[in-house]
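Please read it alongside the sequence and the model.

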Amino acid sequence: MERSYEEGLIAILTDFGDIDNYVAVMKAVIMKENRRVKTLDISNNVLPFSIISGSYLLYTSYKYFPSGTVFLAVIDPGVGSDRKALIVKAGDWFFVGPDNGIFWPIIEENFSQAEAYSISIEKSDLRNISSTFHGRDVFAPIAARLAKNGDPGFFGDPLNLESLSKLSLIKMQKDGAYICFEIIHKDVFGNVVLSSKGKILSIMGKDVEVLKKSDNKKYIFKNVPTFSLLEENELAIYENSFGFLELAKNKGNLFADYGFKIGEKVCLKK
Amino acid sequence: MERSYEEGLIAILTDFGDIDNYVAVMKAVIMKENRRVKTLDISNNVLPFSIISGSYLLYTSYKYFPSGTVFLAVIDPGVGSDRKALIVKAGDWFFVGPDNGIFWPIIEENFSQAEAYSISIEKSDLRNISSTFHGRDVFAPIAARLAKNGDPGFFGDPLNLESLSKLSLIKMQKDGAYICFEIIHKDVFGNVVLSSKGKILSIMGKDVEVLKKSDNKKYIFKNVPTFSLLEENELAIYENSFGFLELAKNKGNLFADYGFKIGEKVCLKK
Amino acid sequence: MERSYEEGLIAILTDFGDIDNYVAVMKAVIMKENRRVKTLDISNNVLPFSIISGSYLLYTSYKYFPSGTVFLAVIDPGVGSDRKALIVKAGDWFFVGPDNGIFWPIIEENFSQAEAYSISIEKSDLRNISSTFHGRDVFAPIAARLAKNGDPGFFGDPLNLESLSKLSLIKMQKDGAYICFEIIHKDVFGNVVLSSKGKILSIMGKDVEVLKKSDNKKYIFKNVPTFSLLEENELAIYENSFGFLELAKNKGNLFADYGFKIGEKVCLKK
């Protein structure tokens, strides 16, 4: 990898919000371990406890980052249980966080170049570990040292990839004349991301019938490449800028106005 | 300009929010183009699609930044249309973003030292441009290169300033015994910024009658220099710290409590 | 102190939110004064005007930061009054901000190694000071210079510690069979922090009766070390990761669901 580890980069993804000091304290711990490393927030406002939404944000981000970047991803409702603490190397990037499935889509995409390690408290000489904040006490110091050292073997023991928690961002199911997907993310504008690549739209017509499974309501969405082709408040379906299938209400908030929920089923008529 | 371009600064203003990875991915693209540049968020929580509020935030910020700073301002409901992609040089600062009027107040203030360029995809050798996220695919890489190179002519073709989209932060209109303004911004405390400089208060008395045009309700606001002269929940009108005319409810939220809206007309009795 | 002042660190805590340009303009002022200093946000979303919540966040953060860090803490409803502008040195850290009590718990903890100074506008040669934004005009430039210079005496005059505003994060009161505390903070998950160290739980049983004083409702909270021992929506009381007493609804939002308020009294049955 080209970059010097002396000036490494740690990219942070959490559901810790921006009211508290949780993220700042992780960054302070990082600075104490490794004064030269830079940190960059991907998002600290992942929907609380939503591994799937966090996984989508991480998966659609990682390739834009310099090789050698350490991703510190802490969405950790299982803190204090016996869930593993992971280091993953996939392609040219490192990933540190609890074993909750969030890294799986990236591991799959880099399967032949992926390795996983279970963080060892002893090997890493970590101390004063609290019961509820491993982001600060385990994952931040390991990320900081990894950004300097680049060798996961120093901090943990190899794991079989098959033993990791799994999760998929691509899910589809036939249902009569429909293909059904799950909502995996909503963005700041209220746009709704479905569990599919956007390429599926090439087999759809100009108008797509969308079935909101929870209340069986049907809507027509326009199959368009970009927003500038729409009237205000018109409904659109398109491939988003990360290649996923997305629904939106132009200059409106689809998620709020139509009462969608993360995890809900949404079906398209072929 | 004094600073070395090797350690340039990019200041970011968007309506991309802090839930998604949009801003982080722009920063990752910037780091890949220009490893040494620093980024600083002005705000990524501009009211969605509100060019006027974004323009106010940019206009009241830019002079505090070091000369040579590149401002990356992406509020882009017109993405995918034929709206131009701009580089503006005004005074000692650079501005990059869609042509939506947001830069106009700064151009006006530096008119004799302002230049504008239309970003050329070919000249800049930009590739894989999506239909919906030019912040990542056009504006971020151009900002990163400009922070290194400092010469807009490398990335685009000169434009006549008069051909740009225009917008004004100062708007006033006589209406009988009143002077009417528009609400151009509300801040985190619910304070309401009007389309006027605050100096107008010098011709007003100690108590100012304020007419909320939408429902014709009238209120008395105290003309004061600072909050410490007010009781809790007292209404105040004053010159804010950026020189604009502002209304507030002391330790309360005027915008929410009185049902104001961005763009709404508010009139003062002379 | 070990670090070089040339690459100092300023940690920022405010209630300025993330919609406006207030924090960015403070950072721009800092960069102009001291190009090499780093800034790190602890939180800019402290509950508006809540000194107690800000004090909790600062107190539970400062020890994680490198020695020499300058904390810039601006929650300033008294701006424009004659409240003092402070520099505090406590242990190996510096603190800059209005005299509102926010630093007191840290001063108490480092009493024999604490000094306080009243910022002198003349000594510091500060100019163009607005009536409403001393974060930008006073505190940011002083923090930037202090991060370079390390000597508070350059910028102000010594104060007797006893003359400072005071505030305590630990408050308890007997009330019959109960011990009563105040709510001093709620976190992003809706967890509720009480004005006590968590060690008090060692004298409690497995189930703790909690009295919400405002409406005299009683609830049973489970006394547990970590969330993984709970069912979804179960109520828990525990020592949080910063050593304070905390209440939570597992994977739910206790604060919102049970209508708690900052400052409200909550009592535990012994």
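Strand E1 of chain C is covered on both faces, with C:Leu9, C:Ala11 and C:Leu13 buried on one side and C:Ile10, C:Ile12 and C:Thr14 buried on the other. Buried means under 20% relative accessible area, with exposed over 50% and partly exposed in between (1.4 Å probe, protein chains only). This is a predicted model, in which local features need pLDDT of at least 70 and side-chain atom pairs count only at pLDDT 80 or more, while totals for chains, interfaces and linings use all residues. Residues are numbered from 1 along each chain as its sequence is written, chains are lettered from A and ligands numbered from 1 in the order in which they are written, and side-chain values use heavy atoms, leaving out hydrogens and water.

**Strand E1 of chain C**
- Six of the six residues of E1(C), residues 9-14, are buried, so the strand is largely enclosed by the rest of the structure.
- Helices (H or I, at least four residues) and strands (E, at least two) are DSSP runs, numbered from the N terminus.

**Pairing** (at least two DSSP bridges between two strands)
- E1(C) runs parallel to E2(C), residues 38-43, and five bridges join them; C:Ala11 has C:Leu40 as its bridge partner.
- Five bridges also link E1(C) in the parallel sense to E3(C), residues 70-74, where C:Leu72 stands opposite C:Ile12.

**Chains A and B**
- Chain A superposes on chain B by a rotation of 120° with 0.0 Å of shift along the axis (RMSD 0.0 Å), fitted by least squares on the C-alpha atoms of residues with pLDDT of at least 70 in both.
- The two copies are thus related as by a three-fold rotation axis.
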